[in-house]
Amino acid sequence: MSRTEKLAALVCTAGLDRLARLSWRGLLIFNYHRIGRPDEFDDPDLFSATVDDLDTQVALLADRFEIVAAGAADLRDPRPSRRIALTVDDGYADELLAAQVFAAHGVVGSFFVTTGFVDHPRHAWWDEIAYLSRGVPTEGLAPSEWLPEGLDPAGRSADDVRRLVNGAYKKRAGARGEEFLDWLAGATGRERPDAGEAGKRWMSWDDVRGLRRAGMEVGGHTVTHPILSTLDADAQRVEVGDSVRRLREELDEDVDTFAYPVGASDSFDDATRTALREAGVRRAYSFCGGLNGRRGTDPFDVRRVGVFGESATVIRATAALPAIFGAPRRYA
Ligand SMILES: [Zn+2]
């Protein structure tokens, strides 16, 4: 059991979380990614919960808190209140299961869709890295421009190897993601996964329209899911502007919310903010942990807390004490 799990169990013992939750006011936003369990073509780090886990979590949150829609919620609600919102990033088809769970509990979730994957389904770079990095040979990877120190898998778990390669991509690939993946395929002797198989991984436009029909919110998440701050201003303008434009076309309504891919504090910059303003976006979500609603919440840095397979006990403890449990656990 992790330290977080132990501490959470302590807080929830004897219902202490019910008392502790009175300690905060504001808007706490949870962020989910994939629903279900990974196969060999999936990055396991992206999986937030099974359907049953999510159902348990939404039930316990709805029982204790007011659940609001993230995009419609007033960031500076004057009432003394504790509000929770639920968001889901990326646009994988399995995330439609989250919408079903939310609807069953009568709550509105917000879904951020990577429009390029809907228009031209293909494997996401992190999923390709997950598949290819399983092929890292025992003698390791030689130093290269992508991994200047090389990579020695000795004494490292498969998860560590994958995260090292993923970290190198985030740091150095920038607009040259395809080159990086071609290099990794060559270095590991694995073939890049067949893009023809990727169609069923992502929502279709009908699915996205179905989310709206079910009362969910939909916002932008770029076209190709790059780390925006690694791109120049023009490329950022295309990623932000085209993603909300495609959503507006397909949904035939305004779309004015956005979630930053990866969402760390250094994943977006001033050029991103300019691109958002130009595209008519009024609210953008990061992924750095923390709570909203104190005076001065930045509408282009609305805070979210990631969920990555934690137990219901940790979710309970996070909702009770976001200052302690709401720090970033991982980025995706
Ligand atoms: Zn994402």
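## Ground rules

Residues are counted from 1 along each chain, as its sequence is written. Since the model is predicted, local features need pLDDT of at least 70 and side-chain atom pairs pLDDT 80 or more, while totals for chains, interfaces and linings use all residues.

## Two domains

The chain splits into domain 1 (3–122 + 196–325) and domain 2 (125–192), with bounds from an automatic or database domain assignment. Their C-alpha centres sit 28 Å apart. Where they touch, domain 1 brings 10 residues and domain 2 brings eight; contact here means C-beta atoms, placed from the backbone, within 7 Å.

## A helix pair

Now for H3 (residues 51–64) and H12 (residues 312–320): their axes come within 10 Å and cross at roughly 30°. Helices are DSSP runs of H or I, at least four residues, and strands are runs of E, at least two, numbered from the N terminus. Axes are lines fitted to C-alpha atoms over the stretch in contact, with angles from 0 to 180 degrees between N-to-C directions. So H3 is roughly parallel to H12 (angles under 35 degrees count as that).

On the H3 side, the residues that meet H12 include Leu60 and Leu61; on the H12 side, Ile315 and Ala319 are among them.

Most residues other than glycine have a negative phi. Asp90, in strand S5 (residues 82–90), has a positive phi of about 110°. Thr222, in the loop between strand S7 (217–220) and helix H10 (233–251), has one of about 75°.

Buried or exposed? Asp90 counts as buried because it has 24 C-beta neighbours inside 10 Å. Thr222 is buried too, with 25 (the cut-off is 20 or more other C-beta atoms within 10 Å; exposed means 12 or fewer).

Definitions and conventions
Angles under 35 degrees count as roughly parallel, over 145 as roughly antiparallel, 65 to 115 as roughly perpendicular and the rest as oblique. Two residues are in contact if their C-beta atoms, placed from the backbone, lie within 7 Å.
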